[in-house]
Amino acid sequence: MIAEVKDRVDFRAIASKARQLIIQMIYEAESGHPGGSLSAIDVLTYLYFQELRLDPARPDWEGRDRFILSKGHACPALYAIAVERGLMPVDLLWGFRKTGRPLQGHPHVGSTPWVETSTGSLGQGFSVAIGMALGLRHQTLPARVYVMLGDGELQEGEVWEGAMCAPHYRLDNLCVIIDYNQMQSDDLTKNIMGLEPLKPKWESFNWKVIEIDGHDYAQIASAFDQAKHIVGTPTVILAHTIKGKGVSFMENSPCWHGSVKLREEELIRALQDLGADASEMPPYLNGSFKQGEDQHGQ
Amino acid sequence: MNNRPQLIGSSGDSLREAFGRALVRLGERRHDFVVLDADIADGTGTHHFKKKYPQRFFQFGIAEQNMMAVAGGLASVGVIPFVTTFAVFCMRALEQARLSVAYARRNVKIVASHPGLDVGPDGASAQALEDLAVFRAIPGMVVVSPADPLEVDQATEAILNYEGPVYMRTGRSAAKRIFDAGHRFELGKGQILRDGGDVTIVACGVEVARALEAGAIMEQEGISTRVVNMPTIKPIDVELLIQCAEETGCFVTAEDHNVHGGLGSAVAEVLAQACPCPIEFVGVRDSFGESGEPEELAEKYQLTGPWIAEAARRALGRKATQERLIRMSSPLAI
Ligand SMILES: Cc1ncc(C[n+]2csc(CCOP(=O)(O)OP(=O)(O)O)c2C)c(N)n1
Ligand SMILES: [Mg+2]
C-alpha cells in the first residue's frame, strides 16, 4: 500500500504548493522564518506523504510514527504540510502568529494537538524525540520517531548530550534529519561556529550517517528506506539543502532567516517564482494581488 | 489539626533515602513509571529503585538538559518519568523543564535532592537556594517540599497520582521525624501541627522541625504560637492561610531557601491580597551559602528555632503597633 502511494504522490507539486503557503502565511503574519522553512519542506513533504505512518482522521492514533520539528522556527513548513496532508484546515494559516489563534510562532502541542511537542528552543526537540523513541521501545511499540534539526542548532550542547545518549540506548527506531543549509540566524554557519567535519563527528558518536541532497526525492526516499533497516543504532541523515530554496531572492541569503515582514511585491515575486497562478491566489489579498501581479511580473 | 506535641526526634533517615524507598514501594504496584538519573543515584536515593527495577531505571550520564527533555518525550508516549538529580542541576535544565515539560503539559515528576544549606559541606555550588522560586514561576508547575521521611513517602505517592508536572524537593541530611503513621499528606493542603492564637509560623522542608522548636520556645514565654506545615508551595493552601490570618493576625515564614521567591513570597502574595498583616521572613537573605555542617550553617544564616522565635517576636511587635494605631485612629478612641 505504501509503495502504491509512493507511485501516485507528486512530491514536487505538493512541495511547491506548500512553499506558496509558507510565503503566504508569513506575509499575512508580517513575521516568521521563510529561509529555514523553504529549505526543509522537501524532506517534510516526503515524510508526511510517504514515510510517516499516520492517519489524518485520527491524529492521536497511538501507533503513529512521530515527527518533531526541533528547529521549531521553521514551523510554517510544518503547518503548510499539515494543511496539505489534511491534519488541519487551510483557514488556520491566516491566523499564524496572531493573538487568540492556534498557530503559534513556534509549534505548540497545547494549541495544535497533532504537533508532537512544543519546540522553539533549539536542541530540546531532539532530546524529546529520544525520550519518545525510548518510551516507545520500553513499551515494545513499533512506531518510529523522526526529528529534524537545523545545522546551527547543532551548536547547542544539549544536542551532543543527546548524540551520546541515543546510540547508548541503541535507538534504531530514531531517525534524525539535519537540514544542512550552511546558514543560521546572523551568518553562514562556518563563520558563526564551524561544524565540519560533521559526518565523522556523528560517526564517532556511533550513529549511522547518510548524506543526501535534501531537495532530491530519490535520494530522500533511499535514505529513509535505508534508515528503517538499520539495526542497533540510530540514523542521522545529513540533508544538504539551500536556505530559501525555490524563491530566487531568498536562496542562500542569511537575511531571509527571519523574522521578516514581507512586502507585497516580495510576496508576489516569491509566489511567481514558486509557479503560483493568479487564479489560485488567496482571497485575503482582496484583489490587490491580481493587479500587483500584472505590474510586478518579472 | 492536632494539639499533641509533635515528635521531633531524629528519624535516622534522610528525605532522599525515604524518596528512594518510596519509589521501590510504589514500583511494585505501579508499572507505568520509570526513573531517570544523571550519575548520582547514590545521592538522590534512587539507587534503591535501580537495584530493584533495573529495566525501569534509565541512566543519562552527566547530561541534565538532555535528561529533562527526554522526560518530556517519555511522558508524551505514556511513560511517567521521575527525573532525579540535585536541586542545583535541576536548575541547569530549567528551560527544558519549562518548554518540554511544563509548556507541553507533560506528566513528569522532577524530584530534587540536596536543596538549601542542608547540603552542608559541599558548599554554595551545590546548595540550591533559588529552586523553589524558579520552579514556582513556571506556569502549571506544582511545587512540593515535604518535611520528614514519612511525608516524603506519602508525597511521592501523591505526586505520582497527580496528572501533570511537579517539582519536589527531598533533602540530603538526616531528617527529623515529625509525623506518625496517622499523618495524611494531601497535595495543595497545609496542616496546623501546633495550635495557637497569637502568631502563625508557616514552614516547609527542614524548617518545619525548627518551626516546632520555635513554637515550644514561644510557649515558654507565654505566647500562643501556631505552627503550619506547608508542604505544597504551589498551589498554596489559600484557605488555610486566610484562616490563620483571621485567627492570629501575624506570620513568620521559614524556609531553607532565599527569602526572595519561595514559600515566604507565596504566603505574602496571598496575604497581601486577602488580608494584609505583618509577616516576617526567615530564610537566606539573598546570598549564597558556604561549606559547613548543616546545623552550623542554619545557625549562621539564622534559620534555627531560636531565630524563628525571634522573628515571631518581631511579627508580634508589629501586630501590636498596628493594633494600637488602629485604636488611635478610630473615632471611639478619642
Ligand atoms: C536555544 C536557542 N537559542 C537561540 C535561538 C534563536 N534562533 C532561532 S533560529 C536560530 C538560527 C538557527 O539556525 P539553524 O539551526 O541552522 O536553522 P535554519 O538555518 O534551518 O533556519 C537562532 C539562533 C533559539 N530559537 N533557541
Ligand atoms: Mg541552518
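This is a predicted model: local features need pLDDT of at least 70, side-chain atom pairs count only at pLDDT 80 or more; totals for chains, interfaces and linings use all residues.
**Figure 1. Polar contacts of ligand 1 with chain A.** The side chain of K71(A) places an N or O atom 2.6 Å from an oxygen atom of ligand 1. For H73(A), a polar side-chain atom is found 2.6 Å from an oxygen atom of the ligand. E153(A) contributes through its backbone, where a polar atom is 2.9 Å from an oxygen atom of ligand 1. On its own, ligand 1 has 590 Å² of accessible area, of which the protein covers 76%.

**Figure 2. Salt bridge between D225(A) and K228(A) within helix α9 of chain A.** The closest N and O atoms of D225(A) and K228(A) are 3.7 Å apart. Both residues belong to helix α9 (residues 217-228) of chain A, where a spacing of three residues corresponds to about one turn of the helix. D225(A) counts as partly exposed because its relative accessibility is 29%. K228(A), with 36% relative accessibility, is likewise classed as partly exposed.

**Figure 3. Salt bridge between K52(B) and E28(B).** In this pair, the closest N and O atoms are separated by 3.6 Å. K52(B) has a relative accessibility of 46% and counts as partly exposed. E28(B), at 53% relative accessibility, counts as exposed.

**Figure 4. Salt bridge between the buried residues E207(B) and R210(B).** The closest N and O atoms of E207(B) and R210(B) are 2.5 Å apart. The two residues are three positions apart in helix α9 (residues 207-220) of chain B, and therefore about one helical turn separates them. E207(B) is buried, with a relative accessible area of 0%. R210(B), at 10% relative accessibility, also counts as buried because the cut-off is under 20%.

**Figure 5. Salt-bridge network in chain B.** R25(B), R29(B), D153(B) and E157(B) are joined into one network by salt bridges that share partners. Over all chains, a search of the whole structure finds 31 salt bridges.

Terms used. Residues are numbered from 1 along each chain as its sequence is written. Chains are lettered from A and ligands numbered from 1 in the order in which they are written. Side-chain values use heavy atoms; hydrogens and water are left out. A polar contact is a pair of N or O atoms within 3.5 Å; within protein, one must be able to donate a hydrogen and the other to accept it, and residues adjacent in sequence count only if both atoms are side-chain atoms. Accessible areas come from the Shrake-Rupley method with a 1.4 Å probe; for residues, only the protein chains shown count as cover. A salt bridge is a side-chain nitrogen of Lys or Arg within 4 Å of a carboxyl oxygen of Asp or Glu. Helices (H or I, at least four residues) and strands (E, at least two) are DSSP runs, numbered from the N terminus. Buried means under 20% relative accessible area, exposed over 50%, partly exposed in between (1.4 Å probe, protein chains only).
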